Amino acid sequence: LFRSAILPSLPLIVGAFGLVSTDDAVSYSLLLAMIVITNLVMTIALWVVAFGREIPGLKSLAWGLFANTAIYALYGLQGSIPVLLSVSLPNTLASLVVVMVLRAVLQLRGSQLPRTWMLAPLLAVWLASTLLIDDRPTRIVLVNALLAMQESLVLWALLRDGGITIGRGRHILTASTVLLGLMFAFRSVSIALGWQPATPASVGSVLSTATYLMTYLAVVFIAFGFVLAATELAAEQNHRMAMEDALTGLPNRRAVIEALARHCSSARRSGRPLTVLLLDIDHFKRVNDQYGHPVGDEVLQRIADTLRQRLRSQDMAGRFGGEEFLVLLPDTTPEGGLTLAETLREEIAAIAIQIDGKTLRVTASIGLHWSAWCQAVRQG
């Protein structure tokens, strides 16, 4: 994306303020042509990446970039096509670009919004662009205000709880979204207050030209940030899958052993207590043999839920073996660990699983070690 879209744009950015003037329509057309080409190349690149792969949101983003390509193509045809196609349609497509970016972000984070939240602004932009076709200042003020509101929805989707919370891709996405929102808001306010004329970029001021260029570059960086965020999220998910037990959702043996080594090293350095519990389900093989493995899986899941509910945020429980769980209790004395072990033993014994009118209960045996044991721990 960087090599196909951003690098070719750098000469345009440097020369943009000299290219666009009231008597230099050829340079303006060349500027638009280069923007269209780089947008189209980037769109094709995204479609190629998305082909045959299940990358959430990438196809939506590709369609958004395609719509963005059409915007600048229509700008280049101003004067030779009906005004509705050169003014109203590009504004509507700009709103559609934001809708598709919002949809892509929501798909990446596995959530959605009511369609009315996404389509209502698009309809509002189309109505404003069409009904105010002969009132340029009012149209620009209203359309840019609506686009700024749409960008705030994208920002909300990025920053809300459960959103994209890791990596540099999220930072690039957030910064680009904020920039776009501010650009739309500034253009709306500046036209409303008379700070800049309500003229098209082809005959506009340096400020107007800069607005168009910054908007284009912000969209490019949104695409770059999204791909980076999707890559980082996939890497994080792969790492989590490698360190997580698929059945119980607890850390697996590898993860809990690595955590044990870290906690032991910390306990040796600081002298603070560390208590470790090893929990073993009694006669678990009988459960599998008598009731079947699905019932055995349910027993393991119920015990994992009990551990999650009883442990503190700094504690850790992991599946150590088939029916064994290792519980790490930093800053916990043997007396505190013994109290927790007894509580866990009682709560596990209280678990009741109904099977064909019968009640299955299991018990567990729990061993306890404390920080002095760490001296014997060796990695490998």
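Ile-281 stands opposite Ala-364 in β6. Strand β1 (residues 274-281) pairs with β6 in the antiparallel sense over 7 bridges; two strands pair if DSSP finds at least two bridges between them. Helices (H or I, at least four residues) and strands (E, at least two) are DSSP runs, numbered from the N terminus. This is a predicted model in which local features need pLDDT of at least 70 and side-chain atom pairs count only at pLDDT 80 or more, while totals for chains, interfaces and linings use all residues. Residues are numbered from 1 along each chain as its sequence is written, and side-chain values use heavy atoms, with hydrogens and water left out.

β1 and β6 belong to an open sheet of 4 strands, ordered β2-β3-β1-β6 with antiparallel pairing. Because β2 (316-319) and β6 (364-370) stand at the edges with a single partner strand each, one side of each has no neighbour in the sheet. On average, neighbouring strands are turned by 20° against each other, direction ignored. Helix α12 (residues 334-349) packs on this sheet and touches β1, β3 (324-330) and β6, its direction making about 170° with that of β6. Contact means heavy atoms within 4.5 Å; axes are lines fitted to C-alpha atoms, for helices over the stretch in contact, and angles run from 0 to 180 degrees between N-to-C directions.

Elsewhere, the axes of helix α5 (residues 115-131) and helix α6 (residues 136-159) come within 9 Å and cross at roughly 170°. α5 is therefore roughly antiparallel to α6 (angles over 145 degrees). Residues making the contact include Trp-117 and Pro-121 of α5 and Arg-139 and Leu-142 of α6.

Conventions:
Parallel < 35°, antiparallel > 145°, perpendicular 65-115°, else oblique.
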